[in-house]
Amino acid sequence: MKRPRVRFAPSPTGFLHVGGARTALFNWLYAKKFDGEFLLRIEDTDRARSTDESTRAIFEGLAWLGLTWDEEVVYQGANVERHYADAHRLLASGAAYRDFTPAAETERLRAEAEARGEAYRVDRAATMLSEADIAERLARQEPYAIRFKVPDGYTEWHDLVHERIAFPNKDIEDFIILRSDGTPVYNMAVVSDDIAMRITLVMRGDDHISNTPKQILLYRALGAEVPQFGHVPMIHGADGKKLSKRHGATAVGDYQHLGFLPQAMLNFLALLGWSPGDDTEVMLLPELIERFSVQGLHAKAAIFDTKKLEWMNGQHLALMPIAELGHVVAPLFEKAGLATVAELASRPEWFHGVLELLRVRARLTDEMIPLATTFFGATVEYEPEAIGKQWRDAAVTAEILQATHDRLATLEQWEPAAMEDALRKLAEEKGISGGKIFQPLRVALTGKTVSPGIFDVLLYVGRDHSLARIGAAVAFLSKDA
RNA sequence: GGCGGUAUCGUCUAGGGGACUAGGACACAGCCCUCUCAAGGCUGGAACACGGGUUCGAAUCCCGUUACCGCUACCA
């Protein structure tokens with residue numbers, strides 16, 4: 001098999017959408033899998049809607065996901081001269097013809113037909129003029145658009161995901177390939193570029209299915225080899241409608257800032273519209289490449305389920321190498337004012353130990369921040385609910401905490417097994433359950449009713465801070481009484 | 001309206017004529033573990049859109065209906 005050349009061709013009219021990201025991912029996986037090239041083309045021919053900011057967002061989104069492209073980025077706008085030349089080539093070969101009808105007139109006819117409930121179709125016989133007529137209008141410099149002369153018959157192709165798709169040509173209008181102002185129309189530009197880029201497989205959203213017969217006709221008229229096509233399904237929102245702002249975050253950049261990991265996003269997106277064929281769910285890029293196949297591609301639109309994405313993120317959070325997680329999360333800690341990246345890096349064992357405690361309790365990296373505050377700073381703020389629930393009897397609690405403090409203070413080694421031994425023994429002596437000690441202690445150390453295991457908290461808060469916090473709690477409770 | 005596409009639990013999916021009493025995952029509920037919260041383990045409810053064929057036999061193949069989606073521009 002020839003090395004495949006695939007492309008992702010977004011128009012820079014917004015941010016990188018999750019649907020676009022998935023199309024990019026499938027193309028990328030295909031290229032990697034079959035040792036081919038993945039190219040990026042920015043379809044910026046709609047000057048009114050295209051922005052540099054969008055182009056940048058697309059680059060950033062792809063970079064975040066790690067979907068790197070081969071060769072230089074192609075800007076469609078830079079190729080309009082070729083598009084123009086190709087359109088005129090078609091005109092010269094008789095595959096297309098001039099349409100001198102003013103755009104406004106065509107628009108009027110179409111509107112009228114629609115008002116009558118009829119399907120409008122340009123009348124080729126009426127539109128194509130005689131040689132003499134054309135020469136005359138040309139001499140008068142009348143503007144004209146170029147229409148493709150759709151041949152008889154039908155156009156079909158073997159789609160990678162849909163199998164055979166066929167369109168009767170009679171249902172395809174003689175479409176415009178070059179506007180009367182000389183600018184190329186989408187289908188012309190795409191085909192011209194895909195030929196120039198030597199694309200072997202066009203994998204895109206299935207909203208392009210009805211463009212495909214037109215494009216195939218163009219390839220043939222241009223004498224170019226028709227590439228393979230694969231139309232992947234759309235991604236819909238929870239209401240089954242096309243994903244839009246109304247559904248909340250739809251740009252991959254949004255997810256990045258919400259605390260999602262790129263590998264989780266990639267994994268989740270891969271599973272929307274593709275399946276490895278068995279029950280495997282959590283996969284990293286190398287495995288995705290390994291297992292990717294067009295047979296696993298689906299034809300059905302998928303609904304974007306944020307809950308499952310969150311679960312997926314939690315899985316990757318728990319699985320990734322702790323040092324890697326440290327690099328992702330340290331800047332977040334710094335931003336939250338907990339500690340600087342440098343400080344965290346200066347004691348990696350402690351930092352990573354803390355992260356081990358937090359990662360299984362968070363689904364998003366951002367969720368680790370509130371959980372992490374316990375391990376930083378000298379003082380603790382007590383949540384009212386925590387006091388109400390675990391410190392009901394101030395006198396008794398103060399006494400238990402004081403005893404706890406004393407036992408812990410005499411420990412020769414500040415390590416969990418010894419702490420647990422000492423405190424369980426204390427509980428036994430007092431004839432109470434361990435929980436009666438651990439829960440008030442948790443409030444003293446964290447101010448909250450929930451936290452990682454209490455001995456882990458003691459270990460990572462450290463001996464000095466732990467004992468100080470317990471002492472402060474005793475003081476707080478005594479003063480209260 | 002025309003053309004095209006799609007149709008398995010609420011969601012993502014396995015399934016490509018008999019292994020289906022339809023499997024897994026998310027979500028939900030319960031239980032276990034347990035110092036709390038997570039994580040983890042176990043259990044439960046939950047689907048082949050409908051109607052016709054073909055066949056000894058259909059979730060799987062064919063046809064029709066319905067529903068949903070897309071396209072229908074001198075937008076991309």
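The model is predicted, so local features need pLDDT of at least 70 and side-chain atom pairs count only at pLDDT 80 or more, while totals for chains, interfaces and linings use all residues. Residues are numbered from 1 along each chain as its sequence is written, chains are lettered from A and ligands numbered from 1 in the order in which they are written, and side-chain values use heavy atoms, with hydrogens and water left out.

**RNA strand B**

Select RNA strand B together with the 62 residues that surround it, of which Thr 101, Arg 179, Glu 281, Val 360 and Ser 451 are the closest; a residue is near the strand if one of its heavy atoms lies within 4 Å of it. Colouring this surface by class shows 23 nonpolar, 19 polar and 20 charged residues, where Ala, Val, Leu, Ile, Met, Phe, Trp, Tyr, Cys and Pro count as nonpolar, Asp, Glu, Lys and Arg as charged, and the others, Gly among them, as polar. Helix H12 (306-319) is one of the elements that supply at least two residues, and H12 gives the most, with 4 residues; helices (H or I, at least four residues) and strands (E, at least two) are DSSP runs, numbered from the N terminus.

On the RNA side, 74% of the atoms within 4 Å of the protein belong to sugar or phosphate and the rest to bases.

**His 231**

Move to strand S10 (residues 228-232), which contains His 231. This histidine counts as buried because its relative accessibility is 0%, the cut-off being under 20% relative accessible area (1.4 Å probe, protein chains only). Its side chain makes polar contacts with the side chains of Asp 159 (2.6 Å) and Arg 204 (3.3 Å); within protein, such a contact is a pair of N or O atoms within 3.5 Å, one able to donate a hydrogen and the other to accept it, and residues adjacent in sequence count only if both atoms are side-chain atoms.

**Aromatic rings**

Select Trp 157, Phe 167, Tyr 219 and Phe 229, which form one aromatic cluster; rings of Phe, Tyr and Trp (its six-membered ring) pair if their centres lie within 6.5 Å.

**Helix H2**

Finish at H2 (residues 52-65), where the buried residues include Ile 58, Leu 62 and Trp 64, and step on to Gly 66, just after the helix, which takes a positive phi of about 80 degrees.

How values were computed. Expected span 1.5 Å × (residues − 1). Buried < 20%, exposed > 50% of the residue type's maximum accessible area, 1.4 Å probe, protein only. Phe/Tyr/Trp six-rings, centres within 6.5 Å; stacked < 30°, edge-to-face > 60°.
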